[in-house]
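Biologist: Please take a close look at one part of this model for me. I would like the numbers and the residues, in plain terms.

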Amino acid sequence: MSQVSLPGTDPTGPLNDESYIQLLAPDGTRTASEEFDPWLEDIDGDRLAALYQDMVVVRRLDQEATALQRQGELALWPPLLGQEAAQIGSGRALRRDDFVFSSYRENGVAYCRGVDLTDMIRVWRGNRPSGWDPYEINMATPQVIIGAQTLHATGYAMAAKFDGDDVVAVAYFGDGATSQGDVNEAMVFAASFQAPVIFFCQNNQWAISEPVGLQAQGKLSDRAPGFGIPSYRVDGNDVLACLAVTRKALDHARTGGGPSFIEAVTYRMGPHTTADDPTRYRDANELEDWKRRDPIDRLAALLSAEGLLDEALRQRVRKAADEAAAEMRAGCINMAEPADLELFDNVYTAPHPVLARQRQHYERYLESFEAAEGGH
Ligand SMILES: Cc1ncc(C[n+]2csc(CCOP(=O)(O)OP(=O)(O)O)c2C)c(N)n1
Ligand SMILES: [Mg+2]
């Protein structure tokens, strides 16, 4: 079968050029930047090591959750493999009282927010309709309706502005989501009301099996200025660039500058979810090419060059990753089953007659099993 050439997938085309903000090259070389270095002044050796540890731990948690799914302990898992720098760099830029609205793939950001590791996988085990209390970590539970969280983030940011709070809302979404009406509507409102919101787009090159070039004939970051929103295109596999750019955009929003759009150019190295097989639609060479731009390897190269990646650090990071993975696994296996009728709790804030009737029916249905068992 001959390969059909899709529009916008030309490897030499505008989407594949490397005109993005990069402070750390794939070989670990640090590039000086007049504009962005001031945002990294506090990043000393210890903080570099902490960013490295975060990325290693998050990759390990992601691999553990993938293994748990393969072992039948989770129904589904959306891997973030390859996107660690985009998530840790931006996630670590946020203040505690900022608020995150994410899709299903931002478990690295949830980690930065301090989510309990059992809560991270609760929904994926089918244990509860939602994983965590959004107000405990200032992060809404993951949105599966593609792009809808951009509206929630914009609404939150508009309210914060009306209240005079200097907090910022951050919406995380993918390249595919930029084709949704919701995302475009959110940008119109954000610009009109100069809402303190950041649109953080992780362009991981794929929306399930659809390459980004099919839906975007230009750079995603070029769309935002059309809405009156300043934008950045950043190397999403460079944790320092992601941290610096997000800090700058946060400061801009916090000081009344309004919204920003950040396109983090990265790559989804794994499947869309554990229910997907990417070998059916993408070229193996593409993955090999992106492996050379691995976000963790390049920070390791910088740490090595600076003489910081010694045995003590390696051991500390390995131990942290082992412990986090063990905690997640134990939390998964030992997760208490909810009581059957809990399903009807928290659907509405007040009692509702239709729901009450449904609950009664279900209760009787469950009782019918007990009666049948008693009859034997
Ligand atoms: C409104 C809506 N349409 C379609 C889907 C089905 N769907 C789930 S994930 C996905 C692709 C999303 O791709 P992207 O925005 O690039 O995010 P990524 O999964 O790559 O992180 C689609 C189409 C959905 N969940 N919601
Ligand atoms: Mg995508």
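Modeller: The second largest pocket has a volume of about 440 Å³. This is a predicted model, so treat the figure as computed. The lining of this pocket counts 19 residues. N127, R128, P129, S130 and E342 are the ones closest to the pocket centre. By class, the lining splits into seven nonpolar, five polar and seven charged residues.

Now the ligand site. Ligand 1 has 15 residues around it. Y104, R105, V144, G176 and W206 come nearest. The class make-up of this shell is eight nonpolar, five polar and two charged residues.

In R105, a polar side-chain atom sits 2.7 Å from an oxygen atom of the ligand. R105 is also among the residues that come nearest to ligand 1. A177 takes part through its backbone: a polar atom there is 2.9 Å from an oxygen atom of ligand 1. H272 uses its side chain, where an N or O atom lies 3.4 Å from a ligand oxygen. With a cut-off of 3.5 Å for N or O pairs, the H272 distance of 3.4 Å still falls within it.

Notes:
Residues numbered from 1 in each chain as written. Chains lettered and ligands numbered in written order. Predicted model: local features only at pLDDT ≥ 70, side-chain atom pairs only at ≥ 80, totals over all residues. Heavy atoms only, no water. Near = heavy atom within 4 Å. Polar contact = N/O pair within 3.5 Å; in protein donor to acceptor, adjacent residues only side chain to side chain. Nonpolar A, V, L, I, M, F, W, Y, C, P; charged D, E, K, R; others polar. 1 Å grid on protein atoms, 1.4 Å probe; cavity = no way out; pocket = protein on both sides within 12 Å on 5 of 7 lines; lining within 4 Å. Points joined across faces, edges and corners; volume = space filled by probe spheres on them.
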